[in-house]
Amino acid sequence: MNSVSFHIPGDPVAFARSGGHGAVRFTPKRQRDFMGLVRLAAYKAMDGAAPIAGPVELAIRATYLVPSSWPKKRAAVAKWRTAKPDADNLAKIVADAMNAIVFADDAQVASLIVQKTYGPLAGVTVTAISLDGEAH
């Protein structure tokens, strides 16, 4: 498979530091749930194909709803989201969830494109492309 694309509807969730109680660490539920959605969408999109071998380009587009508190003029021209979460934290959670499904390890990601935009429907669209150009 040379490439795979999938979409996760709903609010994008970024990677967060694990919480803890003393020496016990845990992954926040919202993050665990989002990673599960990414894994499920990736698994369905791969349709039984083997993970991509070799270098991968990963493109992630996180779309957010325009805040309802914004004036209509501002909302009408809103395109790029510059508020938190950070783009690298969005990439980390998506790439980690795709391990062993789309690629063997997220270390294979040699090119990364992350976009944070505003749109009419919240969600995350992910595309992984083999940079080898060969089906594996």
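Contact here means heavy atoms within 4.5 Å. With that settled, a quick tour. This is a predicted model.

Let's start with the sheet. It is open, has four strands, and runs in the order β1-β6-β4-β5. The pairing is mixed. β1, residues 3-9, and β5 stand at the edges. Each has a single partner strand, so one side of each is left without a neighbour in the sheet. From one strand to the next, the twist averages 10°.

β1 and β6, residues 123-130, run antiparallel, and seven bridges join them.

α1 lies across β1 and β6. Its direction is at about 140° to β1. α3 packs on the sheet too, and touches β1, β4, β5 and β6. Relative to β4, the direction of α3 makes an angle of about 120°.

Next, the rings. How many aromatic pairs are there? The count comes to one. It is W70 with Y118: centres 5.1 Å apart, planes at 65°, so the pair is edge-to-face. The cut-off for that label is over 60 degrees. W70 is in the loop between β4 and α2, while Y118 is in strand β5, so the pair ties together parts that are 48 residues apart in sequence. Is Y118 buried or exposed? Buried, with a relative accessible area of 13%.

R74 lies over its face, 3.7 Å from the ring centre. There is also a charge over a ring elsewhere: the charged end of K92 sits over F15, 4.9 Å from the centre of that ring.

First place: which peptide bond is cis? The one from K84 to P85, with omega near 10°. P85 is in the loop between α2, residues 72-77, and α3, residues 87-98.

Look for D47 in the loop between α1, residues 29-46, and β4, residues 56-64. D47 counts as exposed because its relative accessibility is 67%, and the cut-off is over 50%.

A100 lies in the loop between α3 and β5, residues 109-118. At 58% relative accessibility, A100 also counts as exposed.

That's the tour. Over to you for questions.

How values were computed:
Residues are numbered from 1 along each chain as its sequence is written. This is a predicted model: local features need pLDDT of at least 70, side-chain atom pairs count only at pLDDT 80 or more; totals for chains, interfaces and linings use all residues. Side-chain values use heavy atoms; hydrogens and water are left out. Helices (H or I, at least four residues) and strands (E, at least two) are DSSP runs, numbered from the N terminus. Buried means under 20% relative accessible area, exposed over 50%, partly exposed in between (1.4 Å probe, protein chains only). Rings of Phe, Tyr and Trp (its six-membered ring) pair if their centres lie within 6.5 Å; planes under 30 degrees apart count as stacked, over 60 as edge-to-face and the rest as tilted. A charge sits over a ring if NZ of Lys or CZ of Arg is within 6 Å of the ring centre and within 35 degrees of the ring normal. Two strands pair if DSSP finds at least two bridges between them. Axes are lines fitted to C-alpha atoms, for helices over the stretch in contact, and angles run from 0 to 180 degrees between N-to-C directions.
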